[in-house]
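Subject: Structure for your review

Hello,

Here is the structure I promised to pass on. Please open it alongside the notes that follow.

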Amino acid sequence: MKALNKKSNKTLNLISLAVLAALAGCDGSDGTSGDNGTQGTSSLISQTLVTIGHEQCLNGGVQIDSGLDSDSSGILDAGEITTTEFVCKPTVTQMQGSSLTATTNNLWYEQGQNILGQAQLNAKSLVNARGKAKNVILFVGDGMGLSTVTAARILAGQQLGKLGEEHELSFDKFPYSGFAKTYNVDAQTPDSAGTMTAMMSGVKTDAGVIGVAEAIKRGDCATASGNELVTALELAEIAGKSTGIISTARITHATPAATYAKSAERNWEDISDMPATAIAAGCVDIASQLISFESDIESRFSGTDVDGIDVVLGGGRRHFLPKDAAYNTADATSSIEGDRTDGRDLTAEWQAQYPTGSFVIDQAGFDAVDADATQRLFGLFNESHMQYEADRKNDISGEPSLREMTDKAIDILDNNKEGFFLMVEAGRIDHGHHAGSAHGALTDTIAFADAVQAAVENTDPEETLIIVTADHSHVFTMAGYPKRGNPILGKVVSVGKTEPSLAKDGMPYTTLGYTNGKGFRDLGSETDADEGYNGDAITGRQDLTLVDTNSAGFHQESLVPRGSETHAGEDVGIYAMGPGAHLVTGTNEQSVIFHVMDYAADLVKQAEKAIN
Ligand SMILES: [Zn+2]
């Protein structure tokens, strides 16, 4: 029925066009006179224009009256009208004719139509109900601001031989997205501790503190008690789900720590980092809290029986080993790998606690883990942070990629029919930026997008909420007017040109740059961005004429000299797919991410149910 109506409307519009064209057209030449007709009554048709707003034709049109000229007056009088029809002008949204052909046949236009169609399918298949996500995966690109996402997307596309700008990273394809306001309760531009606490606990807090509310005084152990927050990972654990954390940073670093630890100071990664007063007041270092997670939960929440975090993969062995060369692993880079001054070997304590679990420190150990036969995996692949993705090949004993770790974690965690909660952090995007190395930050962002893709491929979208976001941005910009497809790490070459544009100082300049930091470095093929910390800051303009800015060892120019480049305070993106993903929309306080995860997996209620 609907289709038929449509068709008749179209026909009407065509008639309308013909009639209107005739009415509006210029006069033709007179035709030849016709023969006289036979005597009789003739039928007449009268056409009258109706204006916009007419009750029959809202957009105006023509009224066509017809009838027999009974009195042979040659005029169709009102009484002689037997039929009245209207031919209405189409509404302006119903654009007609060939003038649109160039638009509608255009690829961008078609693409826009397809995207719209997909968005409508997404809206139709939307399930707006609490607790539909069996699994939740939170991906955090540490320091992955919007300029980082855009530049990484272009670099990834160019590495595939494309122009780049049109490329899509895995999470660019997610159906829902929004923005997060990242400030901490006490800071305009935030740090990772306060931001990750907001995401994991649903409560914004101060910079520098882990898993505790804003009434805390940073660094004051005595103020921690009573301010401890509950995290999504803890709720999932209590609810009987499997849990996992992955980071390319030290697993005791701010972002991963905020999933499991409570600390008045993010830097208390092991006991040697703590002041004597804090130790005396009963505060416990972060590494130690990771090992005692299971018993801590059970003593905090009476009536709980949990089995601890099932998968822990990252760097930071130094915080788990005694300060004694006898405990060095084959992967050690320092003469004494461990930092702990209490003589505890937390890796041995973990193994004693979980005799069937696998503890690994390198690629070979990681590869040997059979995910289907393993229930518990603890991997510490570096003394400090894991390597930059660009530098991973240079690790002493070899390290798995973020994608490999994500893949294996999901394979282990999804053995639980109650589902799982997994947090995956690309910690070194942030570090690449701090070191002033766009190459380091962007190659880690691409590796991060790859890990997200692994999660998309290895989970069921009907039962898995995947959220991808950043904790904060960096003072990293894409500048000038480079032409389409200009190498993203290159010097600006303008549209229509083949040679680099020159600034007012007569020198070329790069598209990417930093507002502050250590500034310019030309380290050739060096893939460890942290090499940029050596030497004094070199800020301001440099002559880049003979410098290959596409090389891994090039560090972009910066303006304000600092020991390291800083975070930035603007909003970051939140990208989501799966049950509850549609709740990620608009501009939000960062803490809303917890609430979306809670709604999607019904974490609070499920945890309460497990206790009672
Ligand atoms: Zn940072």
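Two strands count as paired if DSSP finds at least two bridges between them. By that rule, strand β13 and strand β14 (residues 512-517) pair antiparallel, over three bridges. Within this pairing, Phe476 stands opposite Tyr514 in β14. Please keep in mind that this is a predicted model.

β13 and β14 belong to an open sheet of three strands, ordered β13-β14-β17, and its pairing is mixed. The edges are taken by β13 (476-478) and β17 (558-561); each has a single partner strand, so one side of each is left without a neighbour in the sheet. Ignoring direction, neighbouring strands here are turned by 20° against each other on average. Helix α4 (residues 146-159) packs on this sheet and touches β13 and β14, its direction making about 55° with that of β13.

The ten-strand sheet

Another open sheet is formed by 10 strands, in the order β8-β9-β7-β6-β10-β4-β11-β19-β5-β20, again with mixed pairing. β8 (358-360) and β20 (587-589) stand at its edges with a single partner strand each, so one side of each has no neighbour in the sheet. From one strand to the next, the twist averages 15°. β5 and strand β19 (residues 572-577) run antiparallel and are joined by five bridges. At the β8 end, helix α11 (residues 346-353) lies across β8 and β9 (377-380) and runs at about 160° to β8.

Which residues make up the aromatic cluster? Phe320, Trp350, Tyr354, Phe359 and Phe378 form one cluster. The count of aromatic pairs comes to 10. In one of them, the ring centres of Phe320 and Phe378 are 5.8 Å apart and the planes stand at 70°; over 60 degrees counts as edge-to-face, so this pair is edge-to-face. The pair links distant parts of the chain, 58 residues apart: Phe320 is in the loop between β7 (311-315) and α11, while Phe378 is in strand β9. Both Phe320 and Phe378 are buried. Phe378 also pairs with Phe359, in a tilted arrangement with 5.3 Å centre to centre and 55° between the planes. Phe359 lies in strand β8 and Phe378 in strand β9, so this pair ties together parts that are 19 residues apart in sequence. The relative accessible area is 26% for Phe359, which is partly exposed, and 1% for Phe378, which is buried.

The zinc site

What are the protein donors of the zinc ion? They are Asp430, which gives two OD entries, His434 (NE2) and His567 (NE2), and they lie 2.1 to 2.4 Å from the ion. The donor residues follow the spacing D-x3-H-x132-H in sequence. Ideal angles for four tetrahedral donors at a metal are 109.5 degrees. At this zinc ion the angles among the four donor atoms are 57 to 149°, and the site is irregular. Asp430 and His434 both sit in helix α14 (residues 428-434), four residues apart, or about one turn of the helix. Asp430 is buried, at 4% relative accessible area, and His434 is buried as well, at 16%.

One of the zinc donors, His567, is also in contact with Asp191. Apart from its neighbours within four places in sequence, Asp191 contacts Asn184, Ala207, Gly208, Arg266, His472 and His567. Asp191 lies in the loop between β5 (176-181) and α5 (192-201), and is buried at 11% relative accessible area. Between Asp191 and Gly208 there are 6.6 Å in space, C-alpha to C-alpha, although they are 17 residues apart in sequence.

Two backbone angles to check

Most residues other than glycine have a negative phi. Ser72 has a positive phi, near 50°, and lies in the loop between β2 (61-68) and β3 (81-88). Asp602 has a positive phi too, near 55°, and lies in the loop between α16 (592-601) and α17 (603-611). Are these two residues buried or exposed? Ser72 counts as exposed at 53% relative accessibility, whereas Asp602 counts as buried at 10%.

Regards

Definitions and conventions: Residues are numbered from 1 along each chain as its sequence is written. This is a predicted model: local features need pLDDT of at least 70, side-chain atom pairs count only at pLDDT 80 or more; totals for chains, interfaces and linings use all residues. Side-chain values use heavy atoms; hydrogens and water are left out. Donors are N, O and S atoms within 2.8 Å of the metal (3.2 Å for Na, K and Ca); water is not among the atoms, so sites may look incomplete. Four donors count as tetrahedral if all angles lie between 85 and 135 degrees; four count as square planar and six as octahedral if opposite donors are over 155 degrees apart and all others between 65 and 115; anything else is irregular. Helices (H or I, at least four residues) and strands (E, at least two) are DSSP runs, numbered from the N terminus. Buried means under 20% relative accessible area, exposed over 50%, partly exposed in between (1.4 Å probe, protein chains only). Contact means heavy atoms within 4.5 Å. Axes are lines fitted to C-alpha atoms, for helices over the stretch in contact, and angles run from 0 to 180 degrees between N-to-C directions. Rings of Phe, Tyr and Trp (its six-membered ring) pair if their centres lie within 6.5 Å; planes under 30 degrees apart count as stacked, over 60 as edge-to-face and the rest as tilted.
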